[in-house]
Amino acid sequence: MKNKRKKHEAIQGIAFLSPAIIVIGIFIMSSIIFALYISFHKVNLFTGYYEFIGLDNYKRIFTDTKTRIAFINILSFVVVVVPIQTIIALIMAAVLNTNIRGKIGFRTIYFLPTLTSSAALTMIFMFLFSLDGPVNKLAVNMNLLSESINFLNNPKFALKVIMSMNIWSTVPFYMTIYLAGLQEVPKSIYEASSVDGANGFQKFIHVTVPQLKPITTFVLLMGIIGTFQMFDQAYIFSGGSGGPENSTLTVALLIYRNAFGQNNTMGFATAMSIMLSIVVFIVSFIAQKLNKSDSLY
Amino acid sequence: MKKFLSILLTVLLSFGLLAGCKGDSKDNSVTEDSTTKENSKEDMKGKKIVVGRWGGNDAETAAFNQVVKDFTEKTGIEVEERIYTDYNTEFQAELIGKTAPDVVYIDAYMAPFYISQGVLMPLDEQEFELDKFYEPLKNAFLSDGKYYAISKDYSTLALYYNKKWVNEDDIPDTLEELWNGDFLTNLNDKLPEDVIAMTYNQDLARNLFYAETDGASVIKDDIYSNLGDSKVVENLEPLYTSAKEGKIKTPADIGQGWNGDAFGNEKTAIMIEGNWVLGHLQQNFPDVDFGVIEIPTFKGNRGTMTFTVGYAINVSTKQVDAAKEFIHYATGVEGMATWSAGAGVLPSRTDVTESTKVAEDLLKMPHIKGAVYATVWQKGTTMDTINNEYKNYIPSVVSGERTLEDALKKSEEEANRTIEAN
């Protein structure tokens, strides 16, 4: 009797899941499998030409200088952007969670950058950092710079401009997530620490931060995944070239260039995407281990 | 009973989902079947073709709709348009997925690539009256003696100057003189502080015609980059000397999206730009008083770039005759006149140029003159890579970190490494 019921339930469960499984299977799983398949081939999808070349596409990732530059660029991007955006988001959330005046107004204003499209933001930042733009003018007028710096054309600065834009536009989103998380922190812990004589800063370090560890894990993962796939900003910024001097060449941009346009090296592009997902997986794993979200007391 | 019902419901739902897909494909096969057997013109009534294009401004959309309307009235063939926002990506995906439109815009720049992939149908020279077209424009789609697309219009570059600050007679006759002489320096002194004398672009699409002056070529052995060639370096020297001295700047340097905005906002006095900017200036900056002249000569030669787009037929279309009929009309005397007059573009046919009297427009005339001697923006199937590396390394020349020769050599090496690996 019991057995029959279980079986019944299993069938029902599968039936309920099947629409989602079918859709995911067709549009996500099958494309992943197909991508894996063509990453081992030299392909021309127009003519339907497939030639098995084993690991050649993967080997090329390690010998190709462009690919190496792209991976180094994106790693440095992630290393700078993710910690900064996480820390700023946490601090801003903590501040906005206190009873300061007009906090709803602040929350709204801070959230605006996230709502703006990254393409429009890139154009605005390119204007701000242009040779005759406001940033240069301000810095020269305040005697911080002796003459204008060409931020957009200088390989030393180009990626940093994109970094600052990325931090600026993603912080509010993570701040909102932290704000939601802060609602769940029990007031009693703060009260207890007050009794113990902790000041505001100590409460933040010893209560807020540890209590928010699970949220931090989520923010870190989302940040890592988002930054590794950075494409649109670099594309608009460099007009698709990844310049100046390869300084804004990201992996996603290189994948796009190999897959579309005149190159038609889909096999190499998919191999690179798979490599990228492996790197994202490893970095996320390390970040999660470092954060140790399960050590809540 | 309730459980049974819920199972039934979900199963039905998932089947419904599948049925949706199935029904669609069934529809397609029916139309395909009914259309394969056709021959005479009479049969074409009620046929339907899909035309793929990218969106332009409102005037272009209106002109296209007018051409389609006239065409449908005349032949009875219905036209459905498909608009691309990211042409190369979407069109390539459709070709691979076998859902590409019957007739499609082909950019001259990408034509060699699509022709080499064998996705375009060769078109007959006589049938489409190609002898009436400007030489460079019809040859843009020529490969192995066959034409694969018919040019629908074109644009060329010309020099625009703001009449408030620049006198046409003062503009030097040669590019060398313009860039390296005192004209721009003197002009700069005269201009308000936030206005520069001239903008330029770091893009082979704009620089190719002078880079290739005097028999120089940016490509060797058909596919490899030849940017480091001493002749090419020499040809590009005047431009980048001027840029290094700060006489000319890119639109991005002065915080503008492109030449058209820089010029319209009166941030620059001179620019070299295509005729697509005319509509932009007249619509958005009606107060700017400007003149247009042909680009000054370089090393004694007249030169400019031309950009053309043609109509091509997808090789796997089932509607060959209707598709040909459409191209025939759209690139014929009547269709092209409607299109070019409505969209404000330049007609690729010499007879339409005459009949529409477009050359009488003083602002368009310098562009039309260029059609005869222009260099088509098209260079094999590796230009993307070559131009990317060019754009990648040129900024260091302007900032003074590399010499022009060094940068071009470096970009040649990088491009060739990529081309070889592919």
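Colleague: How many aromatic pairs does the structure hold over all chains?

Modeller: This predicted model holds 37 aromatic pairs over all chains.

Colleague: What makes the pair of F125(A) and F129(A) stacked?

Modeller: The ring centres of F125(A) and F129(A) are 5.9 Å apart, and centres within 6.5 Å make a pair. The planes of F125(A) and F129(A) stand at 20°; planes under 30 degrees apart count as stacked, so this pair is stacked. Both F125(A) and F129(A) are buried.

Colleague: Why is the pair of F113(B) and Y114(B) called edge-to-face?

Modeller: The centres of F113(B) and Y114(B) lie 5.4 Å apart, with the planes at 70°. Planes over 60 degrees apart count as edge-to-face, so the pair of F113(B) and Y114(B) is edge-to-face.

Colleague: Why does F113(B) count as buried?

Modeller: Buried means under 20% relative accessible area, and F113(B) has 2% relative accessibility, so F113(B) counts as buried. Y114(B), at 0%, therefore counts as buried too.

Colleague: Which aromatic cluster includes F113(B) and Y114(B)?

Modeller: One aromatic cluster contains both, and among its other members are F46(A), W54(B), F71(B) and Y329(B).

Colleague: Where does the charged end of R60(A) sit?

Modeller: The charged end of R60(A) sits over the ring of F268(A), 3.8 Å from the ring centre. Such a charge has to be within 6 Å of the centre. In chain B, the charged end of R53(B) sits over the ring of F64(B), 4.3 Å from its centre.

Colleague: What is the mean pLDDT of chain A?

Modeller: The mean is 89, and 98% of the residues of chain A reach 70 or more.

Terms used. Residues are numbered from 1 along each chain as its sequence is written. Chains are lettered from A and ligands numbered from 1 in the order in which they are written. This is a predicted model: local features need pLDDT of at least 70, side-chain atom pairs count only at pLDDT 80 or more; totals for chains, interfaces and linings use all residues. Side-chain values use heavy atoms; hydrogens and water are left out. Rings of Phe, Tyr and Trp (its six-membered ring) pair if their centres lie within 6.5 Å; planes under 30 degrees apart count as stacked, over 60 as edge-to-face and the rest as tilted. Buried means under 20% relative accessible area, exposed over 50%, partly exposed in between (1.4 Å probe, protein chains only). A charge sits over a ring if NZ of Lys or CZ of Arg is within 6 Å of the ring centre and within 35 degrees of the ring normal. pLDDT is the predictor's confidence in each residue, from 0 to 100.
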